[in-house]
Amino acid sequence: MKLLCLLLLLFAAATLAIDIRFGGTKDCKGVVASCLNQAPNRCCYLPNGRQSSHISFGAVPGDWKITMRGHVGSNCDLAITAGGDSFGSGGNLQDYCYFGGSPAFIASGDYFFRSEKVDSSTNSPTDGSLVNGLILEDGTEYPLDGLDEDAIAEAVDAAFNGTIGSAIRKFKLSPLPA
Ligand SMILES: *[C@@H]1O[C@H](CO)[C@@H](O)[C@H](O)[C@H]1NC(C)=O
């Protein structure tokens, strides 16, 4: 029973934040660069000059009513090019994926709870975080802790152009335990 409680607690803690993910493909598949466990009202952005074709929000609790957005600008401050709402209709964790509109490219993303009544025209997160992980198509996560921005940019380029294996070796990335 104690173990069950502990597991439930861990599960609850793990679902307080979701992953925001950027990918180089038009089909929501492939390797993605991610802000792991990103808090609401906080911008997640790609390294300077990098853009993605899709943005996804991973493991959104089924009862959350949030608005998810992808932006052209790197500070979640320019036009919204992708996004949508989750309606809190229940159920298990859900993944949402959106493609860029016109222009198609996405450089940053964020989400917020609609109950907070944020005016969407002025809601600009005050601070943000650079992507801090790469996730393979099979779900394996590689944190980018300890890398500087140039190294993260190189790793993201490799993730988007199909050469992630060389970046894993070069930067000695280790996967999180599954
Ligand atoms: C992919 O990106 C990496 C990192 O920037 C670069 O070294 C490599 O030459 C690129 N490969 C291709 C095929 O574009």
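1. Basis. The model is predicted, so local features are taken at pLDDT of at least 70 and side-chain atom pairs at pLDDT 80 or more, while totals for chains, interfaces and linings use all residues. Residue numbers start from 1 along each chain as its sequence is written.

2. Overall make-up. The protein chain contains three helices and 11 strands; these are DSSP runs numbered from the N terminus, helices being H or I of at least four residues and strands E of at least two. Along the sequence the pattern is α-β-β-β-β-β-β-β-β-β-β-β-α-α. Of the 178 residues in the protein chain, 31% are buried. A residue is buried if 20 or more other C-beta atoms lie within 10 Å of its own, exposed if 12 or fewer, and partly exposed in between, with C-beta atoms placed from the backbone.

3. Contacts along the chain. Two residues are in contact if their C-beta atoms, placed from the backbone, lie within 7 Å. Among contacts in the protein chain with a separation of 6 or more, 68% are between residues 24 or more positions apart.

4. The six-stranded sheet. This open sheet has the order β7-β4-β1-β2-β10-β11 and antiparallel pairing, where two strands pair if DSSP finds at least two bridges between them. The edges are β7 (94–99) and β11 (141–143); each has a single partner strand, so one side of each has no neighbour in the sheet. On average, neighbouring strands of this sheet are turned by 25° against each other, direction ignored. The axes are lines fitted to C-alpha atoms, for helices over the stretch in contact, and angles run from 0 to 180 degrees between N-to-C directions. The antiparallel strands β1 and β4 are joined by five bridges, and R21 stands opposite S56 in β4.

5. The five-stranded sheet. Here the order is β6-β5-β8-β3-β9, the sheet is open and the pairing is mixed. With a single partner strand each, β6 (80–85) and β9 (128–130) stand at the edges, so one side of each is left without a neighbour in the sheet. Neighbouring strands of this sheet are turned by 20° on average, direction ignored. Strands β3 and β9 run parallel and are joined by three bridges; Y45 stands opposite L130 in β9.

6. The core. The largest nonpolar core has 36 residues, of which A33, V131, L134, V156 and A159 touch the most other members. Such a core is a set of buried Ala, Val, Leu, Ile, Met, Phe, Trp, Tyr and Cys residues joined through C-beta atoms within 7 Å. Elements supplying at least two residues each include β1 (18–23), β2 (32–38), α2 (149–161) and α3 (164–170). The most comes from α2, with five residues. Leaving aside residues up to four places away in sequence, V156 touches A33, L46, P47, R50 and V131.

7. The ligand. Around the ligand are E154, D157, A158, N161 and T163, each with its C-beta atom, placed from the backbone, within 6 Å of it. This shell divides into one nonpolar, two polar and two charged residues.

8. Backbone angles to check. Most residues other than glycine have a negative phi. C28, in the loop between β1 and β2, has a positive phi near 65°. A59, which lies in strand β4, has a positive phi of about 60°. Both are partly exposed: C28 has 17 C-beta neighbours inside 10 Å, and A59 has 14 other C-beta atoms within 10 Å.

Notes. Nonpolar A, V, L, I, M, F, W, Y, C, P; charged D, E, K, R; others polar.
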